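User: I would like to learn how to read strand pairing, helix packing and aromatic contacts in a model. Please take each feature in turn.

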Amino acid sequence: MHTRPALVVHARTRVDVQAAVRAARRHGLPLSVRAGGHDIPGRSLRQHALVIDLTRMGQVTVDPVTRVATVGGGTTAAGLVAALVPHGLNAVTGTVGGVGMAGLTLAGGYGPLNGRYGLVLDNLLGADVVLADGRTVRVDAEREPELFWALRGGGGNFGVVTSMRLRLHPHDGLLAGLIGYPWAQAGKVLERLGQVLAEAPDALTVQTAFLTGPDGAPTLFLMPTWNAATSTGEPHLGALQRLGAPAFAQVGPTSQEELLHRNDAQGEFTGRHLTARTRSVAALTPGVVEAFIAAGDSVASTASGVLLHHFHGAAARVAPESTAFGIRQDHFMVEIVAAWEPADAGPHHAWADSVVGSLAPHALPGGYPNMLGSGQDAEIARAYGPNTARLLAAKARFDPDGTFTATPLPPAARA
């Protein structure tokens, strides 16, 4: 699909954003916002729309005393983490450095530090937001608390976030790495991994994936992160290397900057066509493992894969009604990405749909809004769980004309 906006505004300041929003409204133009630009469905670019590009608003200011970072709306995870290095602090981010912090934060934010510090949105302390009428409001727990609630999980559907204030954490140790198991061992390793993660301490978060290995065959990858003193994590990461007979294991102390850069290749799809799907599952049950193995056996492209994001610990102890985010129980968010060189898209869409279908009997209701796209109306309708009615009321209050369309909301809001 080729999308051609009417014009692009490369905003440098909040005033630029205000002017762009007012111009779009005045001339009846659709509006979209681009920060990191990592949204696979391509929602940051709308046909014949005015696009507000925030990539030049990537400034970061760090207060090491209060442990708060103020970041511009175009800041990437890599940009934020680089600014923290001199201060010995970490921030909760996703897994890839090039992802924009605003889009990641507003819809949730799965990543390697979730177990100890919660989702990225759980670390949002406040934001500056340009509303549909061009006004700017500063929101936090005390000022416009309902809009602050909606921003934490409801995505960029209420305004343009030009600045955010994020809670930071001391760097008291990171132990991470990559463990690869031959595909023939994948079923047994996943079974044992499920048992380990059911009892995992907060400091241990393990992402799991099947990707094509150096030999061109599917390979099971474990990407563990221990977010505490490295000496206390060595036994846990050692146990992950004894789930089978690994083909390789590279585990050791690291920095958050190195951790992000190590995963950058996962987010690099330049020149390829993409489609993505998602489901969430409560545990690595036999049915889920079987679906995962079938996905690897039938994958239509060596560039495609499935990634399991581990959600537990502090992220799961947040009360569901505290933010708009929909699922607060332990689970794995399954990210299914089909990527291929320009050619017939049919087999790749069919593969992604088959993986979603095989997971459906084992899936939790709804799905992760940052990964949901067209044709997934049933998942979108249930993505916000018990928070749906309150979220739609916030949409009607703060953007009654539907100026902003970012991550999908249930059908009542779109209407």
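**Sheets, helices and rings**

Analyst: Strands β11 and β12 run antiparallel and are joined by nine bridges. Two strands pair if DSSP finds at least two bridges between them. Strands (E, at least two residues) and helices (H or I, at least four residues) are DSSP runs, numbered from the N terminus. The model is predicted, so local features need pLDDT of at least 70 and side-chain atom pairs count only at pLDDT 80 or more, while totals for chains, interfaces and linings use all residues. Residues are numbered from 1 along each chain as its sequence is written, and side-chain values use heavy atoms, with hydrogens and water left out.

User: Which residue in β12 is the bridge partner of Thr205?

Analyst: The partner of Thr205 is Thr225. β11 and β12 belong to an open sheet of seven strands with antiparallel pairing, in the order β13-β10-β12-β11-β15-β16-β14. Strands β13 (248-253) and β14 are its edges, each pairing on one side only. From one strand to the next, the twist averages 15 degrees.

User: Which helix packs on this sheet, and which strands does it touch?

Analyst: Contact means heavy atoms within 4.5 Å. Directions come from axes, which are lines fitted to C-alpha atoms (for helices, over the stretch in contact), with angles from 0 to 180 degrees between N-to-C directions. Here α10 packs on the sheet and touches β11, β14, β15 and β16 (331-340), and its direction makes about 165 degrees with that of β16.

User: What is the order of strands in the open sheet of three, and is the pairing parallel or antiparallel?

Analyst: The order is β1-β3-β2, and the pairing is parallel. β1 and β2 are the edge strands, with pairing on one side only for each. The twist averages 25 degrees from one strand to the next. Four bridges pair β1 with β3 in the parallel sense; Val8, for instance, has Val51 in β3 as its bridge partner. Helix α1 packs on this sheet, touching β1, β2 and β3, and its direction makes about 170 degrees with that of β3.

User: How many residues does helix α1 have, and how far does it reach?

Analyst: The expected span of a helix is 1.5 Å times one less than its number of residues. Helix α1 (residues 14-26) has 13 residues and reaches 18 Å from first to last C-alpha, close to the 18 Å expected. Gly28 follows α1 and has a positive phi, near 65 degrees.

User: Which residues of α1 are buried, and what covers them?

Analyst: Buried means under 20% relative accessible area, exposed over 50% and partly exposed in between, using a 1.4 Å probe and protein chains only. In α1 the buried residues are Val17, Gln18, Ala20, Val21, Ala23 and Ala24. Their cover includes β1 (7-10), β2 (31-34), β3 (50-53), β7 (124-130), β8 (136-140) and β9 (160-170). Helix α9 (residues 286-298) can be read in this way too: its buried residues include Val288, Phe292 and Ile293. Among the elements that cover the buried residues of α9 are α6 (186-197), β11, β14 (273-281) and α10.

User: How many residues lie between β4 and β5 in their hairpin?

Analyst: Four residues lie between them, and Arg67 in the turn has a positive phi of about 55 degrees. Strand β4 (residues 60-63) pairs with β5 in the antiparallel sense over four bridges, and the partner of Thr61 in β5 is Thr70. Five bridges also join β5 to β9, which run antiparallel; there Thr70 has Arg165 as its partner in β9. Strand β5 (residues 68-72) is mostly covered, with four of its five residues buried.

User: How many aromatic pairs does the model contain?

Analyst: Rings of Phe, Tyr and Trp (its six-membered ring) pair if their centres lie within 6.5 Å; planes under 30 degrees apart count as stacked, over 60 as edge-to-face and the rest as tilted. This rule gives ten aromatic pairs. One of them, Phe210 with Trp351, is edge-to-face, at 6.3 Å centre to centre and 90 degrees between the planes. This pair links distant parts of the chain, 141 residues apart: Phe210 is in strand β11 (residues 204-212) and Trp351 in helix α10 (residues 346-359). Phe210 is buried, at a relative accessible area of 1%, and Trp351 is buried at 3%. Elsewhere, ring pairs link Tyr110, Phe311, Phe325 and Tyr368 into a cluster.

User: Which charged residue lies over the face of Trp149?

Analyst: A charge sits over a ring if NZ of Lys or CZ of Arg is within 6 Å of the ring centre and within 35 degrees of the ring normal. Arg390 lies over the face of Trp149, 3.9 Å from the ring centre. The charged end of Lys395 sits over the ring of Phe158, at 6.0 Å from its centre.
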